Amino acid sequence: MLRIPFLFDKVLINCEDNIDKFMSYKISTFSYPSIPSRNKIKDNKLTILNSDRKNKLVFISSFKVALSRHSSYIFRYKLVKDLLLYKEFFKLYGFGWDQVPLPFNIIGIAIILRIPFLKKLVKNIMGIYFKPLGNFSIAKSKSKTLQNYDFALAIEPTVSKFNSICEKIFDPMLSGTIPIYYGQKILRKIPQNTYIRINKKDSVDEIIKTLRNLSEREKSTYRENIFNFLNSKQADQYRSSSYAKLIVNAILGNKIS
């Protein structure tokens, strides 16, 4: 629809870069609202800095697949599949991992879901490439579950030129869990000393070795860096209040300040 001019009065895009135009529209960019106020961060300081964590690496997510060159879901599936071999180090929470997924982004998926023959056919094809990994527990509280772990996978759903980020990297931070991040190449406002980046070339053995070799002091330093970032002006663009102000100003036609 963005290819058709004059349909919209204003277009906002989640993007880390300053982009003036996209398709047929002049646009404004925003950052995903993931961080609460500084007062709440300060109230949560002991939780963020807590180093008494019994478990190592966790991933909390349902099983989904999207077939796109920008999608990270295929990478995510392969990574989780290999990590499950490290039962003493890695824990998976989420529903749907015991079933063959249907790609949610293909054209006509709504029709396919309504026609039993097509649904079965697509599911059989998907089953060749995405075999179920098992039945796993559901996390009753994501934040409280994360608080028990040193590290958490933080995987963006898409990696593209728009450099957009979601809540994936921030959710672990708010629990004092160090994000193991796969996503956009450039995170302009998020300090590199608050997360550990992985990419497609990293083997699971290499990732596990890196995390195992971190000392308690190094992990504590990551948490201190995380707390300082969450409590800084640098993080203000990711606060819910900043997003709320942007939306209200956009609706009222005011200049965003």
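Figure 1. With 257 residues, a compact globule would have a radius of gyration near 18 Å, and the protein's 20 Å agrees with that. The model shown is predicted. Along the principal axes, the C-alpha atoms fill a box of roughly 55 × 55 × 35 Å. Ten helices and eight strands make up the secondary structure.

Figure 2. Of the 257 residues, 44% count as buried. The accessible surface comes to about 15,000 Å². Carbon and sulfur atoms own 54% of that surface. Take the contacts with a separation of 6 or more: 68% of them join residues 24 or more positions apart.

**Figure 3. Charged side chains.** The protein carries 43 positive side chains and 20 negative ones. The centres of the two sets lie 6 Å apart.

**Figure 4. Helix H9, residues 216-230.** This helix has 15 residues. From first C-alpha to last, H9 reaches 21 Å, close to the 21 Å expected at 1.5 Å a residue. Several H9 residues are buried, among them the aromatic residues Tyr222, Phe227 and Phe229.

Figure 5. Phe8 sits in the segment before strand E1 (11-14). Is Phe8 buried, exposed or partly exposed? Its relative accessibility is 34%, so Phe8 counts as partly exposed; the buried class needs under 20% and the exposed class over 50%. Beyond its neighbours within four places in sequence, Phe8 is in contact with Met1, Leu2 and Tyr25. Phe8 and Tyr25 are 17 residues apart along the chain, and their C-alpha atoms are separated by 8.4 Å.

Technical notes: Residues are numbered from 1 along each chain as its sequence is written. This is a predicted model: local features need pLDDT of at least 70, side-chain atom pairs count only at pLDDT 80 or more; totals for chains, interfaces and linings use all residues. Side-chain values use heavy atoms; hydrogens and water are left out. Helices (H or I, at least four residues) and strands (E, at least two) are DSSP runs, numbered from the N terminus. The radius of gyration is taken over C-alpha atoms; the globule rule is 2.2 Å times the number of residues to the power 0.38. Buried means under 20% relative accessible area, exposed over 50%, partly exposed in between (1.4 Å probe, protein chains only). Contact means heavy atoms within 4.5 Å. Accessible areas come from the Shrake-Rupley method with a 1.4 Å probe; for residues, only the protein chains shown count as cover. Lys and Arg count as positive and Asp and Glu as negative; His and the chain ends are not counted. The place of a charge is taken as NZ of Lys, CZ of Arg, CG of Asp or CD of Glu. The expected span of a helix is 1.5 Å times one less than its number of residues.
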